[in-house]
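Subject: A structure for you to look at

Hello,

I am passing a structure on to you, with a few notes to go with it. Have a look at it first, and then read on below.

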Amino acid sequence: MSDIDYNSLDLSFIQVSFDDGILVIVNKVNARNTFVASLIPELVQALEYADKDDRVRVVIFTADHTAPAYCSGANLSDAWHWNGIDPDTIADHDYRDAAGQVSLAVLRCRKITIAAINGNAVGAGATALQLPFDFRVAWGGAKIAFPFASRAVSPEGATSFLLPRLLGYSAATALLLSGQIFLPTHPLLNRLYFTILPKREDVLPAALTFARELASSTSAPSIVATKALLLHAPSSAEDAHIIESYLFKKMITGNRHDLVEGTQSFKERRSAVFTDTVDHMKEWAPWWTSLNEAPRAAKL
Amino acid sequence: MSDIDYNSLDLSFIQVSFDDGILVIVNKVNARNTFVASLIPELVQALEYADKDDRVRVVIFTADHTAPAYCSGANLSDAWHWNGIDPDTIADHDYRDAAGQVSLAVLRCRKITIAAINGNAVGAGATALQLPFDFRVAWGGAKIAFPFASRAVSPEGATSFLLPRLLGYSAATALLLSGQIFLPTHPLLNRLYFTILPKREDVLPAALTFARELASSTSAPSIVATKALLLHAPSSAEDAHIIESYLFKKMITGNRHDLVEGTQSFKERRSAVFTDTVDHMKEWAPWWTSLNEAPRAAKL
Amino acid sequence: MSDIDYNSLDLSFIQVSFDDGILVIVNKVNARNTFVASLIPELVQALEYADKDDRVRVVIFTADHTAPAYCSGANLSDAWHWNGIDPDTIADHDYRDAAGQVSLAVLRCRKITIAAINGNAVGAGATALQLPFDFRVAWGGAKIAFPFASRAVSPEGATSFLLPRLLGYSAATALLLSGQIFLPTHPLLNRLYFTILPKREDVLPAALTFARELASSTSAPSIVATKALLLHAPSSAEDAHIIESYLFKKMITGNRHDLVEGTQSFKERRSAVFTDTVDHMKEWAPWWTSLNEAPRAAKL
């Protein structure tokens, strides 16, 4: 699909621009970029479009670098009604955390995703708007905090799955239980950031340059396959071998354009021009079990 | 529960003191602080009390900083009869590793746990008395070693679960197969220690300062929820989203004291005074499967 | 078993030498050490011999340090027919990735394995010939690359299992999706290498010195047990406790030679002389589920 018109989107909390394979989404929620419920449908919509639009190769999420924060987390004056609903009136099992909805939408986007963290990232700003992305490019002065225990709540945004996977449990435990503020250069955050830049205003340009490199040097079906292998992790070496063999076989069979171009451009020492789309891999039988996270219907 | 009298404990191998929310347990096993079977019931008892006592917010385990070691591991003159039993006379499936019993007791304590490693930590000293804790504060000169392969035994203390989870398999494999001595600053141990101090005598004071900060700045139900999410890891992003949503809903429903205080203190830019206890979360249905590790009864 | 004659092996793509407990396998595929199908049976055979030969304590895989590469990955002029078969003529589910076959063979070797990476390692050279080994000793100038997305294929060599386990998902995702070239000292590869040396020619000697230390200081049954615990990871702390207890009990029962020697040599402050073989542990019931990765038979 490649006929989506991003200008036709009716947006109030984010701003979207598309150029040369790269979709940039700018957080425009409010002055402090708090994490509000109204952000969710707009962001989920933009990510779903990016997922389906064959022209989009990379998605960048960022904020205005002059804003007080990349995302300062929940607006505490809402008394945690950030899903737009009153938690006292909804059944326990029907509540769905707002940050988690965003995390799942980012994880489901089959294109490369980059968070360009050019300001402080706190709470949902440090979870949903940072952890599910493939790459994180950050301003070295950004304050990163997971202050759930200090606000008397529990972690959200699928953080209990994402943070230990990204960094291991020693770092995840220290980050979540201490509630302290860390800079991107702190050893506990080592490897979370692909690039750390000294100036706020340089973060988005650096992310754009990197995105352009990725957009032109990677084949879309390879990215889908790699992301799926990483998200839906095989449970053993044998399991990985069987799944990888199947995907690899699908990749190297036939004379599909990108395969020939990948080899040819390598031999000719020139940049490749990849055109295959995610559709090439649509015959895969998914090897993973899907869990439907939607609130249950009235009956089991 | 808050009527436990720590002075009434009959202790020979550890020393316990409680003040201002913090329970300090000092290893007093013997001159070299070897890991002996008699340590287990005393340590397990102290941890169970800390778990139940609402006044306890943080538990610190440490040793006398003038002792030759934080814990020097098994006393090899016992010929590995460190569980107080003769391994030749017990059925294979009824034996339970002593270090593992301590690791499980630490993991089951719902309060924040800190290991203040102010001396050499070898064998069980580097496994059970270090890995299951939430935070590790260490003396930079402490010799850390996992010499199982050099002593012709296998790893204990639930290390095969804990070490790879904390640091990844590249570090875990290198640490366990090399059997070498490492200092806390070694790259393979990167992120294992929250703080590394140059002097032995500064380790416990630093741990105490950090413990006081944690005790006053974190809400007990948040700590229970976060620790449970980390120990009983959701298996996918969707699974995490559903579990986190349920816990979050329980956290933000009603006007419970700590939730209001967390928001109020933040707005007023003052320290919070949290009073909710672990009981607030007692209605949770645990989402994890429990495995009873007790030796089997006579029949299956 | 200890009557294998390594000189009797009929080898064209690797060179094998055995001395003093250490089997050294040298990649001799061709000028650029590309990864070819013919390498597989020779390498698998050598690893199986090393696994069974009680004299072998450590296996080192390396290349000629004057070669252009340790392993430069697939020969792209083969159009990815590197398994020696035409992917267009084989059923999807019967194809087995060549790199994955090597990874599984390395993982199944019950002796300590070391990759001595004294040149560039790309594609299968960075996956199968690096990740499944217990230790990696590398030349600091070696170019390490996982360029699957840039060649329009998907990851192989059981990489989707191995790379995140070794380094976590933040590093694994960045390495696999960026397709960039990294040096062993790059933060994303932190902890992947046990030792990094400035000169190519020093890598194999350093690996040999380390191998000799390991061969003389570790007991074979301990290595088998530790490697099995790491590869077939327990799923919870309780699970680990039960499995570790059983293995530990087997280790400390009876007066087996290495156990007595391990204690005795420690007390006498001398090097141990270990002689027990992997057979000591052969009564274990494996605690893991095996997945047969061989291509399916004609019928399910």
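To begin with the inside of one chain: of the 300 residues of chain A, 62% count as buried. Please keep in mind that this is a predicted model.

**Chain A as a whole**

The secondary structure of chain A consists of eight helices and eleven strands. Its C-alpha atoms fill a box of roughly 60 × 50 × 45 Å along the principal axes. How does the radius of gyration of chain A agree with that of a compact globule? A compact globule of 300 residues would have a value near 19 Å, and chain A, at 20 Å, agrees with that.

The contacts in chain A reach across the sequence: taking those between residues at least 6 apart, 70% join residues at least 24 apart. As for charge, chain A carries 27 positive and 32 negative side chains, with the centres of the two sets 4 Å apart.

The size of an interface is often given as the accessible area lost when the parts come together. Between chain A and chain C, the buried area is about 4,500 Å², with carbon and sulfur atoms giving 63% of it. On the chain A side, R191(A), H241(A) and F248(A) lose the most area to chain C, together 18% of what that side buries. Counted by residue, 52 residues of chain A are in contact with 54 residues of chain C.

**A few residues to look up**

Most residues other than glycine have a negative phi.

- A158(A) is not a glycine, yet has a positive phi of about 60°. You will find A158(A) in the loop between β9 (144-145) and α3 (159-167) of chain A. Because its relative accessibility is 0%, A158(A) counts as buried.
- R191(C) is not a glycine either, and has a positive phi of about 80°. R191(C) sits in the loop between β10 (181-182) and β11 (195-197) of chain C. With a relative accessible area of 7%, R191(C) is buried.

In chain B, have a look at D97(B), in the loop between β5 (73-74) and α2 (98-108). Is D97(B) buried or exposed? Its relative accessible area is 0%, so D97(B) is buried. D97(B) and A158(B) are 61 residues apart in sequence, and their C-alpha atoms are 9.1 Å apart in space.

Enjoy exploring it!

Best wishes

Conventions
Residues are numbered from 1 along each chain as its sequence is written. Chains are lettered from A and ligands numbered from 1 in the order in which they are written. Side-chain values use heavy atoms; hydrogens and water are left out. Helices (H or I, at least four residues) and strands (E, at least two) are DSSP runs, numbered from the N terminus. The radius of gyration is taken over C-alpha atoms; the globule rule is 2.2 Å times the number of residues to the power 0.38. Buried means under 20% relative accessible area, exposed over 50%, partly exposed in between (1.4 Å probe, protein chains only). Contact means heavy atoms within 4.5 Å. Lys and Arg count as positive and Asp and Glu as negative; His and the chain ends are not counted. The place of a charge is taken as NZ of Lys, CZ of Arg, CG of Asp or CD of Glu. Buried area is the accessible area (1.4 Å probe) that two parts lose on being put together, summed over both.
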